[in-house]
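Visitor: I have a model open on my screen and would like to learn how to read it. Could we go feature by feature?

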Amino acid sequence: MGRFFGTDGIRGRAGEPPLDAATVQKIGRALVRALAIKEPKVLLGRDTRESGPDLEAHLAAGLAAEGAIPESAGVLPTPAIAHLARQRSGGRRKSGYDLGVVLSASHNPYEDNGIKVFGGAGRKFSTELEEKTEGIIEELDVPLLGPPTLAHRDLSSAYLGHLFASYHGPSLQGRHLVVDCANGATSFLARRLFEGLGAKVTVIHDAPDGRNINRGCGATVPREVAEAVVKHGAEMGMAFDGDGDRCILADASGRVVDGDHVLFLTARHLAAAGRLKGGAVVATVMSNVGLEVALGKLGIPLVRTAVGDRNVLEEMERRGANLGGEQSGHVIFLDHEPTGDGLLTALEVLEVVGGSARSLADLAAELPVYPQILRNTRVREKVDIETIPEVRSALDEARTALDGRGRLVVRYSGTEPVLRVMAEGPDEAEVKRLVDQIVDRVAARLG
């Protein structure tokens with residue numbers, strides 16, 4: 001990771017470096033210089049954070065100052081901007097886009113924001129271009145500009161058309177779905193999508209006010225949609241995160257169906273149809289060991305990568321695989337898009353369920369899930385925790401206890417000052433004790 005770009009673009013507190021007005025304008029300028037295309041067309045989108053419009057205006061000012069032609073699609077999910085930039089990219093055709101840029105901090109609280117950059121192929125900016133951009137930002141000494149006149153485009157129907165065309169399952173007529181939009185970017189699209197396919201839809205958390213994005217709702221708080229499914233007597237529910245690239249589901253009994261379940265169900269479905277490519281499914285070190293066991297019984301290897309959708313995508317492309325993702329609900333169906341898309345993920349699961357004549361609860365129950373405890377703790381600084389004696393002893397104890405019967409994964413977040421500690425094993429009480437011990441000792445020294 002560089003000074004500006006982390007594992008998922010540029011992320012920080014809105015209004016503070018690197019997301020202050022002056023730096024955001026420099027980022028816009030640097031993106032154009034790094035791309036080295038004359039008068040590139042750039043499609044901008046954002047989620048529902050109150051800081052989004054101002055950041056968009058400053059980014060557009062920097063882009064325009066270097067000769068770019070920015071256009072705003074307003075509030076749209078991150079995967080929508082990636083898709084539209086990809087589909088409308090046409091070299092030097094006037095209708096094409098050379099870049100797509102999203103102002104979003106995904107599942108983070110409203111005070112944060114971020115800048116995600118997608119090339120014309122719908123893929124995130126390469127590491128090389130990120131490094132080039134950072135170097136240019138460091139060298140820039142330019143005045144603060146006023147916002148330019150920014151053209152606005154309503155591309156929501158074009159994105160919904162893509163989703164409708166991606167669904168090949170039976171009609172959703174008669175199905176009752178609960179949808180949690182996290183007061184985010186899917187708030188204005190989800191009902192249109194699922195009702196358009198025939199479903200009865202109950203939507204929750206679809207009233208963004210600029211500050212309630214992800215607050216006690218969405219993919220990071222799946223109990224909300226799970227409880228709503230039971231309350232309304234629905235067949236299933238789906239929860240998206242603030243920028244719409246993740247989807248976590250719930251079955252009729254209120255059981256949470258996460259990204260591991262999605263990978264298992266869709267891998268089995270694709271394999272049965274002879275459409276699973278690359279001879280494997282790609283996941284990260286955070287996926288439950290039960291997924292590995294279940295896929296193994298189907299003769300499908302599970303390949304693990306470091307956390308991050310970029311790592312998953314790179315391994316998928318290296319192997320020629322078409323299915324990969326994260327337990328968090330960020331799933332890539334490479335036959336459709338090179339990015340995760342929460343709405344598309346929901347459609348893929350609905351297609352599996354509709355084609356099986358079985359309930360989501362019945363299908364999901366076939367994935368054995370080992371007890372897993374994940375705790376996050378905020379830290380003042382990201383130091384090597386192996387160098388802290390009391391933390392190292394707790395890590396050694398956990399590794400010894402779980403050797404051959406579970407897993408321990410300890411890592412810093414790539415986007416927040418947070419240490420994540422995850423462990424799996426057959427005895428939930430033991431796993432919880434081991435994780436709590438590590439987290440408590442880290443918090444005492446670094447919290």
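Guide: Let's start with Asn 214, which is buried, since its relative accessible area is 8%. Buried means under 20% relative accessible area, exposed over 50% and partly exposed in between, with a 1.4 Å probe and protein chains only. This is a predicted model, in which local features need pLDDT of at least 70 and side-chain atom pairs pLDDT 80 or more, while totals for chains, interfaces and linings use all residues. Residues are numbered from 1 along each chain as its sequence is written, and side-chain values use heavy atoms, leaving out hydrogens and water.

Visitor: Where is Asn 214 in the fold, and what is its phi near?

Guide: Most residues other than glycine have a negative phi, and most peptide bonds are trans. Asn 214 has a positive phi, near 65°, although it is not a glycine. You will find Asn 214 in the loop between strand 9 (200-204) and helix 7 (223-232). Helices (H or I, at least four residues) and strands (E, at least two) are DSSP runs numbered from the N terminus.

Visitor: Is Ala 36 buried or exposed?

Guide: Ala 36 is exposed, because its relative accessible area is 59%. Its phi is positive too, near 55°, again in a residue other than glycine. Look for Ala 36 in the loop between helix 1 and strand 3 (41-46).

Visitor: Which two residues does a cis peptide bond join?

Guide: Pro 17 and Pro 18, with omega at about 5°. Pro 18 belongs to the loop between strand 2 (9-13) and helix 1.

Visitor: How do I describe helix packing?

Guide: Two packed helices are described by the angle between their axes and the distance between the axes. Take helix 1 (residues 21-35) and helix 2 (residues 52-65): their axes come within 7 Å and cross at roughly 40°. Helix 1 is therefore oblique to helix 2. On the helix 1 side, the contact (heavy atoms within 4.5 Å) is made by Ala 21, Val 24, Gln 25, Ile 27, Gly 28, Arg 29 and Val 32. Helix 2 brings residues including Leu 55, His 58, Leu 59 and Gly 62.

Visitor: At what angle do helix 3 and helix 5 pack?

Guide: Helix 3 (residues 78-87) and helix 5 (residues 156-166) pack at about 90°, with their axes 10 Å apart. That is why the two count as roughly perpendicular. Angles under 35 degrees are roughly parallel, over 145 roughly antiparallel, 65 to 115 roughly perpendicular, the rest oblique. Pro 79, Ala 80, His 83 and Leu 84 of helix 3 meet Ala 158, Tyr 159 and His 162 of helix 5.

Visitor: What covers the buried residues of helix 10?

Guide: The cover includes helix 4 (127-139), strand 13 (281-284), strand 14 (302-305), strand 15 (323-325) and strand 16 (331-333). The buried residues of helix 10 (residues 309-319) are Asp 309, Arg 310, Val 312, Leu 313, Glu 315 and Met 316. After helix 10 comes Gly 320, with a positive phi near 75°.

Visitor: Which residues does Gln 437 touch?

Guide: Ala 394 and Glu 397, leaving aside residues up to four places away in sequence. The side chains of Gln 437 and Glu 397 are joined by a polar contact of 2.9 Å; such a contact is an N or O pair within 3.5 Å, with one atom able to donate a hydrogen and the other to accept it. Gln 437 lies in helix 14 (residues 428-446) and counts as buried, at 18% relative accessibility.

Note on methods
Axes fitted to C-alpha atoms, helices over the stretch in contact; angles between N-to-C directions.
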